Amino acid sequence: FAPSVAMAEDLNAAFEKLSFGKQGEKKERDKPEPRAEGKKKEKKPSFAMVPWIIVKGKWYGFMQISLSANKADMKIDPFRGEQKAGEEEVACALRELYEESKCFFDLTKLRSPEKSCWKDDAQYAFHVLVDIPIRRQRCIDLYLENREQIYRNRGTEEMQCFLEVEGMALVPEDCRRGVGGVRLAAQVKSILGRMHAIKRGVNSKGSVLKLKLEDTQVGNHTMRSLVPNGPVAYQDQAWTPEDCTNFLTSSIEDTWCAALERRLDKWPQDFNDVRQQLEKMRWAPHLRRNADRNPEVLPPPPRERWEDDDRQKRWGRGRDRRRGRGRGRG
């Protein structure tokens with residue numbers, strides 16, 4: 001995924017609105033106390049939760065879409081977060097699922113999560129097989145309704161934990177490139193590479209978690225969530241393979257600039273990394289044709305001897321033939 005010329009113009013306008021100025025000056029913040037020499041920063045453990053559905057014998061996992069500051073693009077990640085002090089591992093995974101899915105999945109009140117959720121120790125991830133009572137378009141509408149209410153009330157304290165991600169995707173078990181133009185993060189590829197172990201572990205639970213639609217209170221606001229309705233015997237979903245194809249809750253072109261603006265406003269220290277990636281993306285081959293229309297948005301690319309590796313290889317083969325090292329004179 002790369003931004004178009006129009007998106008680059010929106011991005012420049014978004015940069016001007018940021019609180020740290022046009023040149024990317026960082027906000028003045030309290031500097032953290034220096035760590036003692038030889039003492040490394042302790043990294044808190046994080047745990048993920050992946051809800052799976054089975055459609056015509058094929059497994060699909062619900063995962064979140066968020067912005068990557070290192071590559072300045074959108075990526076698909078599992079619902080994952082750091083464990084709080086005194087919090088159990090499965091409780092951490094269920095809480096992150098609830099927050100990062102914009103209250104779409106509310107499994108936090110599951111009485112015995114160990115009976116339905118299988119833990120993959122190699123990935124620090126929990127997996128659960130669910131039965132969703134609503135179809136594709138209703139799921140998307142439900143997610144967007146919750147997201148709109150969260151963004152409308154993002155100034156309140158209880159809504160801050162729901163602003164980390166931008167969307168939700170449905171990833172098939174044989175996915176390798178991405179969904180709807182959004183790339184897969186390394187953690188997702190690692191999870192998909194262990195599908196045999198995941199299927200065996202989840203099937204060992206012997207049941208699927210039935211979900212139902214209910215209202216959930218978040219402070220003074222009401223969200224619509226899928227809550228557990230008890231384990232039931234497995235039965236095929238009412239979904240079709242067409243429902244699962246390119247399942248995204250929103251268009252990436254619509255959320256990319258807004259997500260970048262929110263991230264840089266909250267973490268201005270990422271500005272330099274994002275700016276370097278954007279400069280590389282502006283010189284993408286399909287954007288060079290539009291550089292003469294608005295040179296201020298897309299500066300002309302530097303001179304390159306070769307447009308791509310294939311041209312260089314073709315030139316090299318011709319040179320070898322002229323020097324007597326080609327196939328015809330071997």
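The model is a predicted one, in which local features need pLDDT of at least 70 and side-chain atom pairs count only at pLDDT 80 or more, while totals for chains, interfaces and linings use all residues. Numbering runs from 1 along each chain as its sequence is written, and side-chain values use heavy atoms, with hydrogens and water left out.

Arg176 belongs to the loop between β7 and β8 (178-179); helices (H or I, at least four residues) and strands (E, at least two) are DSSP runs, numbered from the N terminus. With a relative accessibility of 54%, Arg176 counts as exposed. Here exposed means over 50% relative accessible area, buried means under 20%, and partly exposed lies in between (1.4 Å probe, protein chains only). The side chain of Arg176 reaches the backbone oxygen of Glu173 at 3.5 Å. Arg176 and Gly193 stand 17 residues apart in sequence, and their C-alpha atoms are 9.7 Å apart in space.

The overall architecture provides the setting for such local details. The secondary structure of the protein amounts to 11 helices and 11 strands. Of its 330 residues, 47% count as buried. Among contacts with a separation of 6 or more, 69% are made by residues 24 or more positions apart. The accessible surface comes to about 19100 Å², and carbon and sulfur atoms hold 44% of that area; accessible areas come from the Shrake-Rupley method with a 1.4 Å probe, and for residues only the protein chains shown count as cover.

The interior may be considered next. In soluble globular proteins, nonpolar side chains tend to be buried together. A nonpolar core is defined as a set of buried Ala, Val, Leu, Ile, Met, Phe, Trp, Tyr and Cys residues joined through side-chain atoms within 4.5 Å. The largest such core has 35 residues, of which Ile53, Phe62, Phe105, Ile132 and Trp239 touch the most other members. Two or more residues each are given to this core by β1 (46-55), β2 (58-68), α2, β6 (125-131), α4 (136-152), β7 (167-172) and β10 (208-218). The most comes from α2, with five residues. Apart from this core lies another, of 27 residues, among them Ile76, Val182, Val188 and Ile191. Beyond its neighbours within four places in sequence, Trp239 has contacts that include Ile53, Val55, Phe62, Ile132, Leu170 and Phe247.

Helix α2 (residues 89-100) also holds Glu100. Glu100 is buried yet has no salt bridge, and the nearest side chain of opposite charge, that of Arg95, is 7.9 Å away. A salt bridge requires a side-chain nitrogen of Lys or Arg within 4 Å of a carboxyl oxygen of Asp or Glu; Lys and Arg count as positive and Asp and Glu as negative, with His and the chain ends not counted. A polar atom of the Glu100 side chain lies 3.2 Å from the backbone nitrogen of Arg80. Outside four places in sequence, the contacts of Glu100 include Gln64, Pro78, Phe79, Arg80 and Tyr143.

Cys103, in the loop between α2 and α3 (113-116), has a positive phi near 70 degrees although it is a residue other than glycine. At 0% relative accessibility, Cys103 counts as buried. Asn246, likewise not a glycine, has a positive phi of about 50 degrees and is found in the loop between α7 (241-244) and α8 (252-266). Asn246 is partly exposed, with a relative accessible area of 48%.

Technical notes: A polar contact is a pair of N or O atoms within 3.5 Å; within protein, one must be able to donate a hydrogen and the other to accept it, and residues adjacent in sequence count only if both atoms are side-chain atoms. Contact means heavy atoms within 4.5 Å.
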